[in-house]
Structures are given as structure tokens and as C-alpha cells.
Amino acid sequence: MEQSPLYIRVHPQDNVAIVVNDGGLPEGATFADGLVLRERVPQGHKVALTDLAEGDEVIRYNVVIGYALKNLPKGSWINEHVIRMPSPPGLEGLPIATVKPPEMPPLEGFTFEGYRNADGTVGSRNILAITTTVQCVADVVQHAVARIKSELLPRFPNVDDVVSLGHTYGCGVAIDAPDAMVPIRTVRNISLNPNFGGEVMMVSLGCEKLQPERLMPPGTIPIATTAADDVADIGDSGADANGDVVVLQDEEHVGFQSMIESIMKMAEHHLRRLNNRRRETCPASDLVIGVQCGGSDAFSGLTANPAVGFATDLLVRAGATVMFSEVTEVRDGVDQLTSRAANPDVAAAIIREMQWYDDYLKRGSADRSANTTPGNKKGGLSNIVEKAMGSIIKSGNSAISGVLSPGEKVRQKGLIYAATPASDFICGTLQVAAGINLHVFTTGRGTPYSLAEVPVIKVATRSDLARRWHDLMDINAGTIATGESSIEDVGWELFRLMLEVASGRKQTCAEKLKLHNALVLFNPAPVT
Ligand code: CA
């Protein structure tokens with residue numbers, strides 16, 4: 001069906017708007033209000049609503065996203081070539097906890113079926129995860145996982161999957177450098193993700209810098225819930241307070257098969273315990289959701305991210321934990337974050353994380369503008385300021401009640417700012433470490449991104465993408481742009497889908513296709 005020319009202006013103060021029509025609009029296209037395009041404007045790109053003189057502010061989201069580099073008459077195409085990006089806001093003199101969030105009544109009565117763990121956390125899946133201390137063991141563990149899946153897993157029908165927590169850390173690194181704490185605690189906390197039921201088993205090479213006791217110091221692993229604890233049958237295979245470890249260089253191993261058999265024997269012990277886990281009815285407050293975006297376009301901030309923001313508010317009202325991340329995608333809106341901080345300590349922690357990341361980027365002679373991709377720009381996002389304003393919307397309107405440094409584990413409810421790079425894989429990995437039991441991912445350009453450790457619900461920003469990638473996208477938020485549905489409609493649809501997926505009643509598209517990306521650690525410390 002041919003759609004008449006349509007644009008969306010986000011805020012009444014904006015002097016640019018986004019072209020909605022699939023395929024964009026030609027020169028001469030006339031909108032309902034009489035605005036005529038002076039040139040072709042692609043879908044998702046901006047059109048000037050007023051005459052802009054050189055140096056004038058270009059305003060979207062009621063925020064200055066740039067300055068006109070030349071005179072741009074009404075109806076012109078506004079893209080990255082005709083605007084100059086503003087400087088990032090400073091980190092001094094920011095508004096601190098000044099915004100009182102809107103009154104939001106508690107949302108009660110929503111539940112899901114989850115796996116409750118001994119430490120009180122709740123899993124959405126029942127997965128055996130095999131932790132690796134160093135990359136050297138990765139292929140051996142992959143080999144073992146393939147055999148465990150084919151030979152052992154069929155005997156344990158309550159266990160969903162077996163995953164290897166492979167990574168590229170562990171040796172050849174400056175392990176005593178202060179920032180080495182980031183990758184180390186990330187691997188540790190991933191192993192403790194609620195979906196793994198506290199059943200930690202590790203495979204170590206033996207000579208690596210990241211020794212098992214350094215990765216999992218005594219007392220790290222909570223005591224497992226399983227009543228029928230069968231420690232006795234594990235015999236001499238290495239069970240101790242730090243979890244179970246297979247060390248490939250141990251003299252007991254003669255040949256490759258001996259290593260595989262040791263890993264399989266240990267895996268069987270943990271599979272037996274995991275198999276005793278049962279889903280039970282849990283309040284929605286036990287959800288721990290990580291939200292992020294990737295392959296963003298100008299619709300991200302109009303459709304999918306506002307719908308996620310609405311769902312975020314529902315989750316906070318239900319008493320759940322929701323985290324948003326991606327430092328370079330909030331840096332230009334830091335004042336929005338500090339003003340929404342629940343108290344001055346939270347605001348100080350936000351500023352601390354922004355400063356740390358500014359310094360980190362500076363060490364590499366970069367800044368937050370390194371974030372945007374060619375695809376972002378093709379999708380209509382002129383620069384990181386515009387991208388950031390669309391990204392922050394995922395956080396909804398609630399007060400920010402806590403802050404996590406990269407790789408830290410969440411220990412509180414409410415809206416959390418979990419500082420991470422914006423890289424999809426690294427952000428996802430750090431959110432898994434933070435303890436999410438479900439991940440929500442919005443995309444405009446399209447990405448098959450997913451994780452093996454937690455289900456990933458993917459939300460398309462445009463109907464065109466949802467149509468073409470019908471078996472990869474779980475929800476289409478593009479209907480918001482065309483007026484077929486509202487932000488509230490899609491927000492509720494997403495909230496309900498979260499409960500279904502968390503309960504295991506529904507699989508995500510990526511789960512059905514068994515698509516997932518590798519974990520990618522954030523290592524800001526030197527390698528040797
Ligand atoms: Ca991302």
C-alpha cells in the first residue's frame with residue numbers, strides 16, 4: 001500500500017523531523033502540513049522543518065544535536081555532512097538528583113515460572129556452564145561440550161543446554177594491573193549467573209596466570225540448593241570449596257581422551273544436580289533484565305527504544321531489576337542521568353563511570369564520537385549526540401537507583417546503570433556477569449545477535465526489517481511509526497513476552513535457530 005508522505009517530530013521544539021516512509025521520499029514530496037522536500041530524503045533521515053541559517057542549532061529530542069554548516073532552507077535533507085557535532089557536556093556542575101520521577105503505582109500480580117537458586121536469584125533457563133580459566137583450554141572444552149550434549153544431556157531432560165564459557169583472557173596479560181579486575185570479575189560473575197544454578201565447574205590448563213583459586217576465591221560460590229547433594233560420588237575429581245576443577249596439565253591425564261573423560265565425569269555430577277531443579281512461580285520482581293541496542297537507526301529512538309523504556313517502567317513498578325548500559329551512548333545525556341539519580345551517591349557513581357570512560361578513550365586518542373558506524377549514519381543517525389538521545393530512552397522515566405562498574409554483579413532492585421562499552425558483544429557479556437536472566441535488544445539496521453547464556457528478545461525498530469527478518473525478530477515496534485500501534489501497546493507486548501520467555505513457555509527466535517555470539521570480555525588492562 002502506498003503511504004502518503006509522513007514525518008515524525010519527537011518534541012514540539014524540534015526543528016527537524018524523521019521521514020517515516022519505506023524507501024524514503026523523492027524531491028517534491030509534500031506532507032500533510034504543506035512542507036515540500038527540496039531533495040530526496042532516505043527513510044529515517046531528517047528533514048528541516050524551518051529555514052536554518054549557517055551556525056543555527058539543529059534540534060531533535062529538544063536537544064541540540066548539531067549546528068548547521070551552511071544555510072539549510074526548510075525541506076532540506078539534514079545529515080552528518082551538513083551539521084557540526086557539539087562538544088560533550090562537562091562532568092562538573094551537573095544537576096544532581098533534581099528530577100522527581102513521575103508517580104508510578106506498584107504493578108502487582110505478574111508472575112513467571114523460574115528456577116529459584118540458593119542465593120535467592122532466579123534463573124530463566126537451566127544450563128550447565130563450564131567455566132574456563134584461560135583460552136588455551138577452549139577447544140578441549142568445546143570438544144567435551146559436544147560429547148556431553150550428545151552422550152549425557154539426553155539423560156537429563158530438565159537441563160536445557162550445556163555451554164562453554166570461552167574467552168580470550170587468562171594468560172599473556174598484566175594480571176596485577178588495576179584494570180585487570182574488570183575481566184577477572186567478569187568471568188567470575190558470569191559463572192555465577194542465575195541460569196547456571198550455582199553449579200560451577202572449571203577447566204584450567206595449569207600454568208596460566210589466572211589460576212582457578214584467583215578466579216574463584218574460597219567462599220565465592222554459594223551453596224547449591226539441591227537437597228540430594230551427591231558430593232560423595234565425585235570421588236577424587238577435584239571437588240572443593242572453590243568449585244570443581246579439571247586441570248589439563250595434571251599428571252593423572254594421559255592423552256586427550258583422559259582429559260575429556262575427566263570433564264565429562266564432572267559434568268555428569270553437575271547435570272544430575274541441575275536435573276533436580278524445577279520451575280516454580282516467582283513474582284515479576286525476580287526478573288533481572290538487561291537492555292541494549294545495536295545496529296541502531298533513527299527509528300530506534302522513535303519506536304523500539306521508547307517501547308523498551310515503557311516496559312522498563314513496568315518492570316520497575318513490578319519491583320524487578322532493569323539495567324541499561326553503553327557509556328558512549330549516554331555520555332552526551334549525562335545531565336539526564338545525574339538529574340534522575342535517586343540520591344547524590346548514585347549521581348557521583350554515574351559521574352565516576354563517565355570520567356573513567358573518558359580517560360579510557362583518551363588513552364587511545366579517541367572520544368565518544370568513535371561510536372557511530374556507517375550503518376548508523378545510513379539509517380539517519382548523524383552523530384553520537386543524536387544516537388545517544390535515542391538510546392537513553394530505553395531507561396524509561398524511573399529514578400536511577402544504582403550503578404555498576406564493568407563486570408560487577410547487581411545486588412539491588414530497580415533501575416540500574418551498568419557501565420559497559422556499547423559494543424553489543426561486550427555489553428551483553430558484562431550484563432550476563434551482572435546477573436541478568438533475560439536480555440532485550442533493539443535493532444534498526446538488523447543484527448542476528450544473541451547469547452547462549454540467557455534468552456535474548458530482539459525488537460525491530462522498523463516494519464520493513466521485521467518483515468524481511470521475520471524469523472529473527474521477536475517483536476516489531478515499527479508499527480509505532482506508522483500509527484498502527486502505540487508505544488504503550490508495544491511496551492506491554494514486550495513485558496508480557498518477557499514473562500513468557502522467562503518461564504520457558506516461549507523460545508526466542510535466536511533460541512529456536514540456536515544462534516548465539518561468543519562472549520567477549522572487556523579488558524582495559526595491558527597484555528604482555
Ligand atoms: Ca550496543
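The model is predicted, so local features need pLDDT of at least 70 and side-chain atom pairs count only at pLDDT 80 or more, while totals for chains, interfaces and linings use all residues. Residues are numbered from 1 along each chain as its sequence is written, and side-chain values use heavy atoms, with hydrogens and water left out.

**The sheet and its helix**

- Look for an open sheet of 7 strands in the order E17-E18-E16-E15-E19-E20-E21, with parallel pairing. Strands (E, at least two residues) and helices (H or I, at least four) are DSSP runs, numbered from the N terminus, and two strands pair if DSSP finds at least two bridges between them.
- At the edges sit strand E17 (400–404) and strand E21 (475–476), each pairing on one side only.
- Strand E16 (residues 321–324) and strand E18 (residues 414–418) run parallel and are joined by 4 bridges. Val322 has Leu415 in E18 as its bridge partner.
- Helix H10 (residues 424–434) packs on the sheet and touches strand E15 (288–293), E16, E17 and strand E19 (438–443). Contact here means heavy atoms within 4.5 Å.
- The direction of H10 makes about 170° with that of E15. Axes are lines fitted to C-alpha atoms, for helices over the stretch in contact, and angles run from 0 to 180 degrees between N-to-C directions.

**The calcium site**

- Which protein atoms are donors of the calcium ion? They are Gln292 (OE1), Cys293 (O), Glu326 (OE), Ala422 (O) and Asp424 (OD), lying 2.3 to 2.5 Å from the ion. Donors are N, O and S atoms within 2.8 Å of the metal (3.2 Å for Na, K and Ca); water is not among the atoms, so sites may look incomplete.
- Glu326 lies in the loop between E16 and helix H6 (334–340) and Asp424 in helix H10, so this pair ties together parts that are 98 residues apart in sequence.
- Glu326 is buried, at 0% relative accessible area, and Asp424 counts as buried at 15%. Buried means under 20% relative accessible area, exposed over 50%, and partly exposed in between (1.4 Å probe, protein chains only).

**Two loop residues with positive phi**

- Most residues other than glycine have a negative phi.
- Asn62, however, has a positive phi near 60°. Asn62 lies in the loop between strand E4 (57–60) and strand E5 (63–68), and is partly exposed at 40%.
- Ala97 has a positive phi of about 50°. Ala97 is in the loop between strand E7 (83–84) and strand E8 (111–116), and is partly exposed at 30%.
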